[in-house]
Amino acid sequence: MSENNRIPINREIGFYIRTINWRIESGIIKVGLKLFVSCGPRIIAALKKFGVRIFLDLKFHDIPHTVASTAEVAVRHGVDMFNIHLSGGRDMIMRTVEAVENVSQQLGVSRPLIVGVTVLTSFSEKTLREEAGVARNLEEHVICLARMARESGLNGIVASPREASMVRQKIGDDFVIVTPGVRPLWAASGDQQRILTPRRAME
């Protein structure tokens, strides 16, 4: 990409922050796949200049060494939170936690929160059973993965709002639950199957 075609990231971010009047001191901004691929890691540095905390939502999923070493790079970029797919298995999770703890200590920074993706909100009970080949029902599978996440040293999970209260009851209060799929009635659901309105999600 030529310099003329580069996105003026710092200027654009500053404009949007001022326009929507974010309370940056308490905010955390998600950097997802599309934004990250469009702008590259420089989007993280640009956001950090405005005091924004970063949730790097790239859902790492690969062999243990690859995920662990990629997580180290995420720490070096200064992210405050990132996620990995729990279906990568216990070894992948534990090696990632260890790598992140080590590099955080080396850099003298706080360890970012690591949350594990349970079942994507685009999955239904039927999809999980017939396409992914999981014999457990969806709620049981989410709980099983959440337990593994906790036992392996993660700070929390990503789960749909439909499973959040169940996870809280089974796993405990001191566990982060990130809930995509919270949408008002008038909003399009897109690919998401397991969604709730903000009011229902808070009940």
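Let's start with helices H7 and H8, whose axes come within 10 Å and cross at roughly 45°. That makes H7 oblique to H8, because angles under 35 degrees count as roughly parallel, over 145 as roughly antiparallel, 65 to 115 as roughly perpendicular, and the rest as oblique. The axes here are lines fitted to C-alpha atoms, for helices over the stretch in contact, and the angles run from 0 to 180 degrees between N-to-C directions. Two packed helices are described by the angle between their axes and the distance between the axes.

Before going on, a word on where this comes from. This is a predicted model, in which local features need pLDDT of at least 70 and side-chain atom pairs count only at pLDDT 80 or more, while totals for chains, interfaces and linings use all residues. Residues are numbered from 1 along each chain as its sequence is written, and side-chain values use heavy atoms, with hydrogens and water left out.

Back to our pair. H7 passes H8 in a right-handed crossing; a crossing is called right-handed if the near helix is turned clockwise from the far one by less than a right angle, and left-handed if anticlockwise. Which residues of H7 and H8 make the contact? On the H7 side they are Leu138, Glu139, Val142, Ile143, Ala146, Arg147 and Arg150, and on the H8 side Glu163, Met166, Val167, Lys170 and Ile171. Contact means heavy atoms within 4.5 Å. If you look at the numbering, remember that an α-helix has 3.6 residues a turn, so residues three or four places apart point the same way.

Helix H8 covers residues 161-171, and its buried residues are Pro161, Glu163, Ala164, Met166, Val167 and Ile171. Buried means under 20% relative accessible area, exposed over 50%, and partly exposed in between, with a 1.4 Å probe and protein chains only.

Arg150 pairs with Asp174, with the closest N and O atoms 2.8 Å apart. This pair links distant parts of the chain, as Arg150 sits in helix H7 (residues 138-151) and Asp174 in the loop between H8 and strand E6 (176-178), 24 residues apart. Is Asp174 buried or exposed? At 61% relative accessibility, Asp174 counts as exposed, whereas Arg150 is partly exposed at 31%. A salt bridge is a side-chain nitrogen of Lys or Arg within 4 Å of a carboxyl oxygen of Asp or Glu. In general, side chains of opposite charge can pair when their charged atoms come close.

How many salt bridges does a search of the whole structure find? There are eight. Another one joins Lys48 and Asp80, with the closest N and O atoms 3.1 Å apart. Lys48 belongs to helix H3 (residues 42-48), while Asp80 lies in the loop between helix H4 (64-76) and strand E3 (81-85), 32 residues away in the chain. Both are partly exposed: Lys48 has 32% relative accessibility, and Asp80 has 25%.

Now look at Lys59 in strand E2 (residues 53-60). Lys59 has a positive phi of about 50° although it is not a glycine. Its side chain meets that of Asp57 in a salt bridge, 3.0 Å from N to O. Lys59 is partly exposed at 28%, but Asp57 is buried at 9%.

The axes of H4 and helix H5 (residues 90-107) come within 8 Å and cross at roughly 30°. That makes H4 roughly parallel to H5, and the crossing is right-handed. Residues that meet here include Val67, Ala68, Ala71 and Val75 in H4, and Met92, Ala99, Val100 and Val103 in H5.

Helix H5 also holds Arg90, which is partly exposed at 36% relative accessibility. Leaving aside its neighbours within four places in sequence, Arg90 is in contact with Met148, Glu151 and Ser152. Arg90 and Ser152 are 62 residues apart in sequence and 6.6 Å apart in space, C-alpha to C-alpha.

Finally, the whole chain. The protein chain has nine helices and six strands, which are DSSP runs numbered from the N terminus (helices H or I, at least four residues; strands E, at least two). Buried residues make up 40% of its 203 residues.
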